[in-house]
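Hi,

Here is the structure for your files. My notes follow below it.

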Amino acid sequence: MQAWQVHQNGEPAEAMRLQEVDRPTPGDGQVLLKVRAANINFPDALMCRGQYQVRPPLPFTPGVEICGETEDGRRVIATPALPHGGFAEYAVADAAALLPAPEALDDAEAAALHIGYQTGWFGLHRRARLEAGETLLVHAAAGGVGSAAVQLGKAAGATVIGVVGGADKAAVARELGCDVVIDRRAENVIGAVKEATGGRGADVIYDPVGGEAYTQSTKVVAFEGRIVVVGFASGSIPSAALNHALVKNYAILGLHWGLYNTKNPKLVLHCHEQLTELAARGAIKPLVSERVPLSGAAAAVQRVADGVTTGRIAVVPTLQNGAAA
């Protein structure tokens, strides 16, 4: 079969090589899956660089989120068991962790439903306890993680403010349903949020960016607000000033979604049931901005790493070269 492999850490476009390899052999409790679509996540880029908390042995195939097909023909959502990731024609995954792919979504959309939407659901509902009528601020609102949080926030009855970088991303954020869109390249984020909220600030802030975005969050979080830290796409990990959290009376909540798979897997299944129901009634639908053939995976991972994409890019092995849509 064909699979992308990383033999030496580096930038995705240079580190990933498309090769002919043997199909992976499932271990105990694992199943072989035909990859119908693989969603690209920022951790895929970090893994190529050797900067992610999970460091599979070299060589490895990246791709942490797929819609696959079992040998008996079932469509499932899975997180492949590394080093046999999803940017390949076949992958392996733990049988106990397979989730049914929602009928309301196609393969690419189903592949994009898992990590980003689970992270959003746990962040907004489990950690921040977002309530209807509250104001939610989402950084990088047009990106893969941010777009999921926007849709989940709207589905929960929140007023959603989206912060983006650039006019194109602002247009995407509006299409996603943001009530207010702030272009950080053209506007003062702090001033714009205060204006939009009448000076009160945001009740919940969803931050997959870190760096300057986190600093802005601390200045616009409302009384008894909650800042949910889900990642550091900016590459800068901020240091929290706890005296500031004390005097402004807000909470800083960390979220490592992957821990729930081992600490409380029943919650992951419950979340998937909630997401499937939301998808069935059209309240959420992953924004798949691009579908690329297997040959285009490395270039697509590089674009995600560079922060120039909107929504999700899906790798679809059955697509022919040049047939991206």
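Buried means under 20% relative accessible area, exposed means over 50%, and partly exposed lies in between (1.4 Å probe, protein chains only). Glu11 is partly exposed, because its relative accessible area is 31%.

Two points on the source. This is a predicted model: local features need pLDDT of at least 70, side-chain atom pairs count only at pLDDT 80 or more, and totals for chains, interfaces and linings use all residues. Residues are numbered from 1 along each chain as its sequence is written, and side-chain values use heavy atoms, with hydrogens and water left out.

More on Glu11. It sits in the loop between β1 (2-6) and α1 (12-15); helices (H or I, at least four residues) and strands (E, at least two) are DSSP runs, numbered from the N terminus. Leaving out residues up to four places away in sequence, Glu11 touches Arg49 and Gln302; contact means heavy atoms within 4.5 Å. The side chains of Glu11 and Gln302 make a polar contact at 2.9 Å. That term needs a pair of N or O atoms within 3.5 Å; within protein, one must be able to donate a hydrogen and the other to accept it, and residues adjacent in sequence count only if both atoms are side-chain atoms.

Next, α5. Of its 12 residues, 9 are buried, so the helix is largely enclosed by the rest of the structure. Among the buried ones are Gly144, Val150 and Leu152. Gly157 follows α5, with a positive phi near 90 degrees.

Best wishes
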